[in-house]
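The following questions and answers are meant for someone meeting this structure for the first time.

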Amino acid sequence: MVAQWILSGSLILGFGAFVHLIENRIPLEQVNRKRDFAFDILFITLSSLMVAGMTIVLLDEFVMTWLNENLQFQQYILTLPLYLRLTFALILGDLGYYVAHRMMDTAPLWRTHKFHHSIREIYWFSGLRTSAMNSLIIRIPYLIALCAFGITQQEMAVVAIGLAAVNFWVHANANISLGRLNYLFITPAFHRIHHSMEARAEGTNFGHILSCWDYLFGTAIQVEETLVVSEKGFTIEREEVARQLIGI
Ligand SMILES: [Zn+2]
Ligand SMILES: [Zn+2]
């Protein structure tokens with residue numbers, strides 16, 4: 001178990017270091033990575049510990065067992081090859097993420113999500129700044145979908161590394177376009193606009209892995225330079241931090 005945690009952590013950090021180097025070479029905008037680093041180290045650690053605790057108690061011990069026993073699809077779906085089940089599960093989970101994120105961006109769930117939107121300097125590591133409630137809510141759609149398609153807990157551990165890498169990717173300060181695939185997959189610039197304080201960027205670009213949900217449901221806004229470099233980050237007062245960290 002401990003060896004697995006160390007291996008997962010090393011892989012995630014290794015990918016973070018790789019993104020860091022890409023950011024140095026092709027930045028989207030001028031970002032001061034040191035500005036809030038100490039704050040983020042402290043509060044991301046605290047939030048992660050809370051989520052780890054909640055995940056183990058609520059999800060591993062109760063919800064996942066229930067889902068595994070009750071939510072698996074008919075036998076024929078479980079006979080599909082792993083790559084197909086994983087693809088379907090991620091598509092379904094990502095749709096659920098889109099819906100959950102859209103709900104969190106409006107009242108009354110905004111209180112769970114505001115902490116993430118307080119990031120002023122967006123780069124790969126800063127994207128981890130989320131309240132504990134936020135982290136928990138966005139895990140649920142993926143978890144349900146993965147269980148529904150019969151993905152085992154060991155396979156989920158690998159998926160979790162992949163989803164952490166996606167989080168680094170979408171928050172990377174890296175000027176990377178995927179060409180026509182921009183209409184299918186999220187790029188760093190696309191998600192950066194979601195964090196913009198500009199009025200016309202409000203309520204746009206909610207997706208996590210796939211951008212097609214935003215195009216499909218009319219919430220996509222095209223990448224443009226002025227929005228990418230626009231001001232970001234709600235102010236969180238000192239006395240608000242503890243509440244924001246939990247997300248209540
Ligand atoms: Zn948001
Ligand atoms: Zn974000």
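Q: How many of the residues count as buried?
A: Of the 248 residues in the chain, 32% count as buried, a label given where 20 or more other C-beta atoms lie within 10 Å of a residue's own. The model is a predicted one.

Q: What is the confidence of the chain, and where is confidence lowest and highest?
A: The average pLDDT of the chain is 90, and 94% of the residues score at least 70. Confidence is lowest in helix H3 (residues 75–78), with a mean of 77, and highest in helix H9 (residues 212–216), at 98.

Q: How many helices and strands are in the chain?
A: The chain has 11 helices and zero strands.

Q: Why is the chain called as compact as a globular protein of that length?
A: The globule rule gives 18 Å for 248 residues, and the radius of gyration of the chain is 18 Å, close to that value, so the chain is as compact as a globular protein of that length. Along the principal axes, its C-alpha atoms fill a box of roughly 50 × 40 × 35 Å. Among contacts with a separation of 6 or more, 76% join residues 24 or more positions apart.

Q: How do you know that the span of helix H1 agrees with its number of residues?
A: Helix H1 (residues 2–25) has 24 residues, which should span 34 Å at 1.5 Å a residue, and its end C-alpha atoms are 35 Å apart, which agrees.

Q: Does H1 lie largely buried or in the open, and why?
A: The number of buried residues in H1 is one out of 24, so this helix lies largely in the open.

Q: Which residues of H7 are buried, and what do they pack against?
A: Phe168, Trp169, Val170 and His171 are the buried residues of H7, and the buried residues of this helix pack against H1 and H8.

How values were computed: Residues are numbered from 1 along each chain as its sequence is written. Chains are lettered from A and ligands numbered from 1 in the order in which they are written. This is a predicted model: local features need pLDDT of at least 70, side-chain atom pairs count only at pLDDT 80 or more; totals for chains, interfaces and linings use all residues. Helices (H or I, at least four residues) and strands (E, at least two) are DSSP runs, numbered from the N terminus. The radius of gyration is taken over C-alpha atoms; the globule rule is 2.2 Å times the number of residues to the power 0.38. A residue is buried if 20 or more other C-beta atoms lie within 10 Å of its own, exposed if 12 or fewer, and partly exposed in between; C-beta atoms are placed from the backbone. Two residues are in contact if their C-beta atoms, placed from the backbone, lie within 7 Å. The expected span of a helix is 1.5 Å times one less than its number of residues. pLDDT is the predictor's confidence in each residue, from 0 to 100.
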